[in-house]
Amino acid sequence: MIPFVRDMTFEYGHADAVSPMIRRVVANNPGPFTYLGTGTYIVGHGEVAVIDPGPLLDGHLDAILAATAGERISHILITHTHLDHAPLAHPLQARTDAVIYGLDEPRHQADEGEEDHAAAGEAARFRPDIEISDGQTVSGPGWTLEAVFTPGHASNHVAYALAEENALFCGDHIMGWSTTVISPPDGDMSQYYASLDRVQARGFETLWPTHGPPITEVAPFVEAYRNHRLARERQILSELAQGRATIGDMIPRLYRGVDKRLHAAAARSVLAHLIHLVRSGRADCDGAPNLTSYFKLISNSAV
Ligand SMILES: [Zn+2]
């Protein structure tokens, strides 16, 4: 069982000091993927960094500016380019002289006959001012933030470690309230496992996810988070042990009792697992794995 943490006291539009160096303002965009909303973090005092300005909401822009009135925002850091994290970066920059750091939005993957759509996507693609590199640090008075590449939820996902508090702003890589969506092709389960190990190895004292409260029992939480995925993987392997199957065959059994409206998202998660299992030689299918492929167990694969 994952020891989820969900209790959080806050008020939309109001910045709370949540640690000596960290303030948090929550955007009013609650939902099934964002929980109570996007938590934007302000790091430092006087000269500050803003991590994940959030979605395009005027009220949230005003709240960040009000929270930092009389201070200078020198850096805007983006964990990844999903719509609840990055879009407010440029409007915020326009009101400050901050430099935006992060990774480019992945190229839109065009299906056949979709070139126009791809071209439109290219024009609208989010780009930071500076493409950050893994291990790169940025700093201000009393704070140092280090980029920790953590692909998996998104191919361009970057977490930021705050050295002074041995804390990690982990974006959507690890969330206290829920598991993370891994949806191929941009989401990648093999990378996700590696990124979990990477965070675990660093021995952080606190994780600050974008959505929900901080995780303070980091090692057991990450261990349980990883075990949850491994348990799902074993379930998929035992499904395949009964004979070849499509994801559609497996979903009603794997997600028994789960609201059917969530089955489409669940199917993408199972696909992420199967791509990982094919890649690691434990399952097989004809051609590239997709939602309609027939998967089978590789016979010597232990269940
Ligand atoms: Zn998010």
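Reader: Why does Asp-172 count as buried in this model?

Author: Asp-172 has 4% relative accessibility, and buried means under 20% relative accessible area, exposed over 50% and partly exposed in between, with a 1.4 Å probe and protein chains only, so Asp-172 counts as buried. Asp-84, at 15% relative accessibility, therefore counts as buried too. This is a predicted model, in which local features need pLDDT of at least 70 and side-chain atom pairs count only at pLDDT 80 or more, while totals for chains, interfaces and linings use all residues. Residues are numbered from 1 along each chain as its sequence is written, and side-chain values use heavy atoms, leaving out hydrogens and water.

Reader: What makes the site of the zinc ion irregular?

Author: The zinc ion is coordinated by Asp-84 (OD), His-85 (NE2), Asp-172 (OD) and His-211 (NE2) at 2.0 to 2.2 Å, where donors are N, O and S atoms within 2.8 Å of the metal (3.2 Å for Na, K and Ca), and the site may look incomplete because water is not among the atoms. The angles among the four donor atoms run from 84 to 154°, whereas four donors count as tetrahedral if all angles lie between 85 and 135 degrees, and four count as square planar and six as octahedral if opposite donors are over 155 degrees apart and all others between 65 and 115, anything else being irregular. The site is therefore classed as irregular.

Reader: How are the donor residues of the zinc ion spaced in sequence?

Author: Their spacing is D-H-x86-D-x38-H.
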